[in-house]
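Please open the model in a viewer and keep a selection panel at hand. The stops below proceed from one selection to the next, with a note on what is found at each.

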Amino acid sequence: MKGALRVVSMGTVLAMMWGGCGRKKEALVVAQVGDRAITIGELWAFEANVPEAFKTEKSGVEGQRDYLKTMIDREFMLLEAREQGIDQSESLVQKLEWQKKKSVIEAFYEKEIGPKLEISEEEIRHCFEEEGLGRAVKMRHIAVKTEDDVRMVLKEIEQGRSFEEVARERSLDRKSAEKGGLLDAFYAKNELGELIGARAFSMEIGQISEPIRMGYGYEVIQVIAEKPVPFEHWKASLEQRLKRHKFSEEWDALLDRLKAAVHLRFKHDGMELLLARAAASGAAPDLSEQERGIALYEYEEGRITLGDFVDAAQGSAWRFIGADSTKAMQYAERRIIAERLMLDAARRAGFYEDEEILAWLEKKKEDLLIDKLREGEVKDKAAVSEEEIRAEYDMHKRDRYALPEEILITEILVETEEEAQQLSDQIKKGAELSELAGRHTLRKEYRKTQGQFQVRSFEKALYGGDLVEIAGIAPIGQLMGPIEVKGGYSIFRVEERGERRPEPFEAVERRVRANFLDAREVQLFDQLIERLRIKYEDRVIYFEEHLKEAVREAA
C-alpha cells in the first residue's frame with residue numbers, strides 16, 4: 001500500500017530471483033525502484049568506489065543498507081527528473097549529442113590510431129641524445145638594454161673586472177645581479193631557449209660568451225658548472241612528447257585516407273559566397289535559408305554546407321574578420337570535415353552500436369539529468385540576503401572568520417636531541433635562552449632576533465613535529481622541549497599569545513557568502529531527498545534476504 005516500503009521475503013521471490021542454480025550471486029537483485037533493478041554486484045561496485053572519507057561507520061547489513069539507500073536516492077532523482085520532463089529539454093539533448101560524438105570519435109581514434117602510438121625506448125633515447133639532454137649547465141648572466149651597454153660589459157671584463165662584479169653593477173636582472181649574475185638552477189639545453197641554449201652548450205666551463213641578441217636587449221653568459229642528467233629523468237616526458245607528435249602524424253594520415261575514400265570535393269563558389277557575405281557584414285554572415293544549404297564541400301555520403309560552417313564557427317574561437325579562403329579551408333578541415341568524416345567512418349564500423357559506448361552514454365545521461373534536477377531544485381533556489389550574510393559573519397567572526405592566532409616564541413633549533421637537552425639544562429641553571437639562541441640556533445634567519453619569531457596554526461607543516469601545536473597550549477614563560485621537529489630538535493618558550501582578531505567583513509564577504517550558500521544548498525538538497533523518498537516510496541521493493549546474502553559474500 002502507498003506510504004510503506006515493501007520488503008519481499010526470500011520465500012516469495014525464490015523462483016523469480018534465483019533462477020537456475022548456476023546464477024551468479026552478483027546478479028541477485030537487492031532492490032527494485034520502478035523498472036530499475038539494483039543487483040548485489042552493483043551494490044558492491046558502488047561501495048568500492050565510495051571515497052574513504054564518505055564510507056559509512058556501520059558494518060554488516062546496516063552498512064550495506066546505507067549504501068543501498070544512497071543508490072535508491074539516485075533512482076528517485078532520476079524518476080523525478082523524467083517526471084519533470086528534464087530528459088526532453090533541448091539543452092540536455094544537445095549535451096548528450098555532443099557527448100555521444102566525443103565518445104564515438106575517441107573510441108574510433110583508439111582503434112585506428114592507438115595501436116600505432118607505441119614508442120620504443122630506442123626512439124626515446126635517440127631524442128634524448130639528439131637534443132643533448134644528457135647534461136645540464138649552471139650559468140651566470142648579465143642582461144643589458146643596448147649594444148653600447150653590452151660592449152661596455154665585455155670591455156670591463158677584458159680589463160680584469162670579475163663577471164660577478166660587473167653583473168652586480170650593470171645587469172637589468174636585479175634578482176640574479178645581487179648574486180653576481182648567478183642563476184640558481186642547472187638547465188638542460190631545451191630549457192634555455194634556442195639562442196642561449198645553443199650558445200651555452202657549445203661553451204667550455206668558465207668561458208664567457210659573445211653578446212647574444214634577445215628581444216629585450218642583449219645577454220652575456222658564463223658557464224660555471226655542468227652535471228650529467230640521467231636518461232630516466234627525461235624518459236617519461238619525452239615519451240609523451242613523441243606520442244603527441246606521432247598522434248598528430250597519424251591523425252593527418254587518417255584524415256587524408258578518409259577524404260580520399262569518400263572523394264571529398266571543395267566547392268569554390270560556396271567559399272566565395274561565404275567570405276563575401278562575411279566581408280559585407282563585418283562579422284559572421286547572415287545567410288538566408290537557401291544560402292545556408294549551399295555546399296562548401298561534397299562527398300559520396302553527403303555535403304558540408306555554408307550553414308554547417310557558420311554554426312561551427314559560432315561555437316568556437318573562429319573569427320570571420322580578416323579571414324581568407326586559405327584560413328577558412330584550414331578551419332573547415334580541422335573543425336568540421338575531420339569530425340564529419342570520422343563520425344561517418346565510426347558509424348560504418350559499428351561504433352554507434354558498441355555496448356560499452358551505449359552503457360557509458362546512458363550513465364552520462366543519468367548524471368546530466370541529476371545535475372539539471374539539482375540545478376533547478378537546489379542551486380536556483382539557494383538565494384541568500386545581505387542580512388543573512390551579515391548575521392553569519394557576526395555569529396562566527398571570532399572563530400570561523402578570525403585571523404589565525406599569532407604566538408611569539410623564543411626557540412633554539414639544533415641537530416640532536418642530546419645537544420638540545422644540554423642547552424635546556426644550561427637555561428634551567430640560569431643561562432639566557434635568547435643569548436644561546438643567537439649563537440646556536442640552526443634557523444639562521446632568526447639569529448639576529450635571538451631566536452624570537454611568530455608561529456601560526458596553519459604553519460604546522462612548515463615546522464613539522466608538534467612545535468606549533470604545543471606552542472598553542474604551553475604556559476607562557478615556561479621552557480618546553482626538547483621536541484623533534486623538521487630539521488632537528490627544538491627547545492622553546494612562549495613569550496606571548498595574541499588573541500584571534502576578526503577579519504574585516506569586507507575582506508571575507510565572499511567567503512562568508514560562499515559558506516552560507518553551501519550550507520543552504522546542503523539544506524535544500526536534504527529537503528529534496530526527503531520529499532522524493534515520500535513521493536516515490538511505493539515504487540521500491542527490497543529483497544531483504546539478498547541483501548543479507550551480499551553481506552555474507554562480502555565477508
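## First stop: the nonpolar cores

Begin with the largest nonpolar core, which has 44 residues; Phe108, Phe309, Trp318, Phe320 and Met342 are those with the most contacts inside it. A nonpolar core here is a set of buried Ala, Val, Leu, Ile, Met, Phe, Trp, Tyr and Cys residues joined through side-chain atoms within 4.5 Å. Buried means under 20% relative accessible area, exposed over 50%, and partly exposed in between, with a 1.4 Å probe and protein chains only. This is a predicted model, in which local features need pLDDT of at least 70 and side-chain atom pairs count only at pLDDT 80 or more, while totals for chains, interfaces and linings use all residues. Residues are numbered from 1 along each chain as its sequence is written, and side-chain values use heavy atoms, with hydrogens and water left out.

Helices (H or I, at least four residues) and strands (E, at least two) are DSSP runs, numbered from the N terminus. H14 supplies the largest share of the core, eleven residues.

Select phenylalanine 309 and display its surroundings. Neighbours within four places in sequence aside, phenylalanine 309 is in contact (heavy atoms within 4.5 Å) with Leu274, Leu296, Trp318, Phe320, Ala328, Tyr331, Ala332 and Ile336. Another core lies apart from the largest one; it has 35 residues, among them Ala81, Ala382, Phe525 and Leu532.

## Second stop: a three-stranded sheet

Select E7, E8 and E9, which form an open sheet in that order with antiparallel pairing. Strand E7 (265–266) and strand E9 (302–305) are at the edges, each with a single partner strand, so one side of each has no neighbour in the sheet. The antiparallel pairing of E7 with E8 runs over two bridges; two strands pair if DSSP finds at least two bridges between them. Within this region, arginine 265 stands opposite glutamate 298 in E8. H13 packs on the sheet and touches E8 and E9, its direction making about 55° with that of E9.

Then move to histidine 263, in the loop between H10 and E7. Its phi is near 55°, a positive value in a residue other than glycine. Histidine 263 is partly exposed, at a relative accessible area of 46%.

Which residues of H2 meet H3? Select helix H2 (residues 40–49) together with H3: they pack at an angle of about 95°, with their axes 10 Å apart. Axes are lines fitted to C-alpha atoms, for helices over the stretch in contact, and angles run from 0 to 180 degrees between N-to-C directions. H2 is thus roughly perpendicular to H3; angles under 35 degrees count as roughly parallel, over 145 as roughly antiparallel, 65 to 115 as roughly perpendicular and the rest as oblique. Glu42, Leu43, Trp44, Phe46 and Glu47 in H2 meet Gln64, Tyr67, Leu68, Thr70 and Met71 in H3.

The axes of H3 and H15 come within 9 Å and cross at roughly 75°. Arg74, Met77, Leu78, Glu80, Ala81 and Arg82 of H3 make this contact with Glu362, Lys363, Glu366, Asp367, Leu369, Ile370 and Leu373 of H15. By class, six of the contact residues are nonpolar, none polar and seven charged. Ala, Val, Leu, Ile, Met, Phe, Trp, Tyr, Cys and Pro count as nonpolar, Asp, Glu, Lys and Arg as charged, and the others, Gly among them, as polar.

Is glutamate 366 buried or exposed? At 13% relative accessibility, glutamate 366 counts as buried. Leaving aside neighbours within four places in sequence, glutamate 366 is in contact with Arg74, Leu78 and Arg82.

Finally for this stop, show helix H3 (residues 60–83) with helix H21 (residues 505–535); their axes come within 10 Å and cross at roughly 85°. Lys69, Asp73, Phe76, Met77, Glu80 and Glu83 in H3 meet Phe525, Ile529, Leu532, Arg533 and Lys535 in H21.

## Last stop: backbone details

Most residues other than glycine have a negative phi, and most peptide bonds are trans. Zoom to glycine 481 and proline 482, which are joined by a cis peptide bond with omega about 5°. Proline 482 lies in strand E12 (residues 479–485).
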